[in-house]
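Trainee: I am new to this structure. Could we go through it by asking what each label rests on?

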Amino acid sequence: MSAAAQPIDQAAPALAGWPLRRLLRLGVIGGAIAVYLCLVGIVPVFAQRALIVHVVSIGQAALLMTYGVFGYLAGRPMAEGSRPRAAAAGVFVGAMTGAFLTGLALVGSVVDLRAVFLNASPELYDLLTDGLGTSGAWVPIATGAVAGGLGGVLVGLPVGARNPLLVGIGSLILFSLFGGLLRTPMLVTPLAGLARFLFGSDGLTVAGAIIVFVSSVAIALIDRRVKPRQRVNAMPATRRRALVAPLVILLLVVVLLFPLAMGDFFAQVIATIALFILLGLGLNITLGLAGLLDLGFVAFYAVGAYTVALLTSNSVLGLAHLGFWEAVPFAIIFAMLFALFLGLPILRIRGDYLAIATLGFGEIIRLLAGSDLLKGILGGPQGIVNIPKPIPVGPNHWLAGPVQIYYIALAFAAVVAFVSWRLRASRLGRSWMAIREDEDVAEGMGINLVQTKLLAYMLGGGFAGLAGAISVGLVGSVFPTSIQLQLSINVVAIVIVGGMGSIPGVILGAVVLVGLPEMFREFTDYRLLFYGVALMAVMIYRPEGLLPSRVARRELHTADELLDMDDADLLAPEELASPHGEEGSSA
Amino acid sequence: MNQRRLDRLTDVAIDVFMWAFRAIIILVVVVGSALTLLGGKYTVDDWFELVGRGISLGSIYALIALGYTMVYGILRMINFAHGEIFMGGAFGGYFAATALASAGALSDVISGLIAIGIMIMVAMAVSVGLAMGVERVAYRPLRNAPPLVPLISAIGASLFLQYTARGFFGSGIYAYPTVPFLQATAPIPLLNLRWVDVLVIVTAFTMMGGLYLFVMRSRVGTAIRAVSEDKGTSALMGIDANRAIVLTFIIGAALAGAAGVLYGLTFRQVFFGMGIYLGIKAFTAAVLGGIGNVPGALLGGLFLGLIEAIGPTLFLSGFGVPSVTQLAPVVAFTMLVLVLVFRPSGILGERVTRSRV
């Protein structure tokens, strides 16, 4: 305790008027979060993966972030008045957060917590106390005080210095997490030496970390001076387009060449992302535009998958031995018919009941697919195997493996994005949005609710069927276990987190929510935990999603909140990045 | 003109479809039951055994359903995380049970019953803690948001609790310790119940009776009903709506926690994903009885339990469907869809206004 108590004692004369209760509360919340991160397994599991080689693991970084964030929060209200006090508050809250971990390690050394918490292992305590055992109990407190203090110092800095530093920390984390994306292609070029200098097999090297941090801070500083975004926005439209077009083309080339440069693992990851973009765009019509929460979306995916499987499979269950491409239209049509069949009875149900009813349908489909009843047709738990690849090529062809699925899924995602973009502006799309906003008013305006909802449901279902068909092409088999409630929830999360009704939102949602867990195998177990937190956080803090469409933004805020918002936000949400002025433009 | 004809066509098509839907269901039920009964494969004793199992399962559904029904009554929202609150209770009860079992408390009847009482207390405490946390973090900030927003947040909370449990306890299945005297058959004619079923039924009915009296007679219960009826007016009468809402969550969670222990004692298996499906079934029970309706939850729970226990055998085995018990959840979920489609106000009628949804 003594190490941490010192700075607090120094601050004691200034203690009068301190928001002590607030600080204690923050410390308790921070401590609870830190202990949670340890016990739920995130800290010990990610201790295996380096953020900066030999210096800090991702697990430790998670704890450091907790200290830092709570130190930052502690200092925030004081930063205006007195910077040293803000820093002291950070030190105090950080140390308190750490003290909880000390408590965990000490309790754990006496009582065997493993009987309840699987992760409360001696390895975890070693991690916390730096291998010193009970004599290292001061370690979390000291680290907490330092990291929390840094947070407190950071919050007290002027915006001009603080934001570039935050950008630096942010890009340090991003580069160390996703360094592999740069490292892998660099290794096959003459830049291999540089790649080894900057990146370890996972995470950054120390030199790489310094370089990334310094250069991103420098870029952020330059960005603040030059304000490129504001300049671009101030340009006339034709010039802006001339400037943006090459960037778009460059992005397109990168996206197209990506799997060839990155090898199979990354191609698989991106093929999965592309599949989820497809699913997300489908649900985006049902949920995002028409406002129908469908928790059984996987049913249509399953229909598409099983249709293709049955029509193309070379196993005994195969019915027609069609080629993949001949089967795809059937998959889409059957999925749409199925949506019609499900939609007819349930679409008159009110909103929240609809969600549960669709969930029930999804479960019925899953259970039936795996049941003995339909075993003769669908193969029961053994599923259907031996499904040919969409593009049959030899094993060493450049289109073999997930690469072809990547291109196929991407091409379809582009088509579907175009279709839903055009639909949104159409009469039908506007009817959907009218229904989403208020069914009664929409009906009063002459919109046939059932027809319009059915169309949304069927189109969404058709897209999901397409995604199911492609996924079968990717995997080459289909099992009842691939029809999971998790998949439906996954897609709902993508649409909600990305932004209901927004196509860029869906793409971003898929990249973040699917790409991230796919890249980190350790993350798989925590994927849905992460979704749960993301869903709650988005609903509470940003119900319109990360990249909202204009209308959803208006709809999901109550009238009072709208009054508080900037008018600029409401009128031009596309330019959201700039109107926030100084702070937003560089972050 | 064209549009109007199309509209009429859709209406007719839907009516036809809905009648066909009803006809198929009734046909399956009637013909299936007739075939099964005429087939004579099952004796009267078999049916009574299924009935007993159905009542026992239904009592657990009813206990969980009360949480859904009360929260829906007061907030007009589906507390999607309620199944996970039940799961938390089951785990709390499990750890209490293993501790008590290693102390040897489960071997004889008296200490065993006391031990079960302690398990239920622990489970209730865990569930109440979880529910209060969920209400505070995920629901309270969204109280005035459009209806889909709290539902999505609730789904988030459900995922969070599920995978937190998985992180804490792993994905393995935990087996409740055996309680020897509960496994014996109870001397009740025909129903062929084990003592554990008797315990489940008695506990559940006692708790529900207590709850009914509490809600109908006590001051606090009256406050809860007043807030369900009209939040604004009850606030004018000096009722603290927030307190009534938190209390509703606490009561619902306490019952779910008890249900968790009862479930653990009956089926002897707990794992992190157990809450979601049981939760959905319990929600079905709540809707079946009429959401917002306390006696309705009991009725709906029992009805669903019976349908799920008897239904697959009665309706399907007559058609020669293989391994019918596999399809028990299908029957339950079909029931869910049927209720939502054909009678969303439930058997006893719902006690909530439709204003918000």
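Mentor: Start with burial: a residue is buried if 20 or more other C-beta atoms lie within 10 Å of its own, exposed if 12 or fewer, and partly exposed in between, with C-beta atoms placed from the backbone. This is a predicted model, in which local features need pLDDT of at least 70, side-chain atom pairs count only at pLDDT 80 or more, and totals for chains, interfaces and linings use all residues. Residues are numbered from 1 along each chain as its sequence is written, while chains are lettered from A and ligands numbered from 1 in the order in which they are written.

Trainee: Why is Arg268(B) called partly exposed?

Mentor: Arg268(B) has 17 other C-beta atoms within 10 Å. Buried needs 20 or more and exposed needs 12 or fewer, so a residue with a count in between is partly exposed. Arg268(B) sits in the loop between helix 10 and strand 2 (269–270) of chain B. Helices (H or I, at least four residues) and strands (E, at least two) are DSSP runs, numbered from the N terminus.

Trainee: What is the phi of Arg268(B)?

Mentor: Its phi is near 60 degrees, a positive value in a residue other than glycine. Arg76(B) also has a positive phi, of about 55 degrees, and is not a glycine. Arg76(B) lies in the loop between helix 2 and helix 3 of chain B. With 19 other C-beta atoms within 10 Å, Arg76(B) is partly exposed.

Trainee: What makes Leu23(A) buried or exposed?

Mentor: Leu23(A) has 21 C-beta neighbours inside 10 Å, so it counts as buried. Leu23(A) belongs to helix 2 (residues 20–39) of chain A. Leaving out residues up to four places away in sequence, Leu23(A) touches Ala74(A), Ala89(A), Phe92(A) and Val93(A). Two residues are in contact if their C-beta atoms, placed from the backbone, lie within 7 Å.

Trainee: What about helix 4 of chain A?

Mentor: Helix 4 (residues 58–79) of chain A has 22 residues that should span 32 Å, and its end C-alpha atoms are 29 Å apart, which agrees. Helix 4 of chain A is mostly covered, with 17 of its 22 residues buried.

Trainee: Why are the buried residues of helix 8 of chain B said to lie on the same side?

Mentor: The buried residues of helix 8 (residues 219–229) of chain B are Ile224(B), Val227(B) and Ser228(B). They cover an arc of only 105 degrees around the axis, which puts them on the same side of helix 8 of chain B. The arc is that of the directions from the helix axis to the C-beta atoms. Among what covers these buried residues are helix 2 (44–75) and helix 7 (195–217) of chain B.

Trainee: What makes chain B as compact as a globular protein of its length?

Mentor: Chain B has 13 helices and two strands. Its radius of gyration is 22 Å, close to the 21 Å that the globule rule gives for 357 residues, so chain B is as compact as a globular protein of that length. The radius is taken over C-alpha atoms, and the rule is 2.2 Å times the number of residues to the power 0.38. Buried residues make up 52% of the 357 residues in chain B.

Trainee: How many residues of chain B are in contact with chain A?

Mentor: 49 residues of chain B are in contact with 47 residues of chain A. Helix 5 of chain B gives the most to the side of chain B that touches chain A, with 16 residues.

Trainee: What is the average confidence for chain B?

Mentor: Confidence is given as pLDDT, the predictor's confidence in each residue, from 0 to 100. Chain B averages a pLDDT of 83, and 97% of the residues score at least 70. Over residues 353–357 of chain B, pLDDT stays under 50.

How values were computed. Expected span 1.5 Å × (residues − 1).
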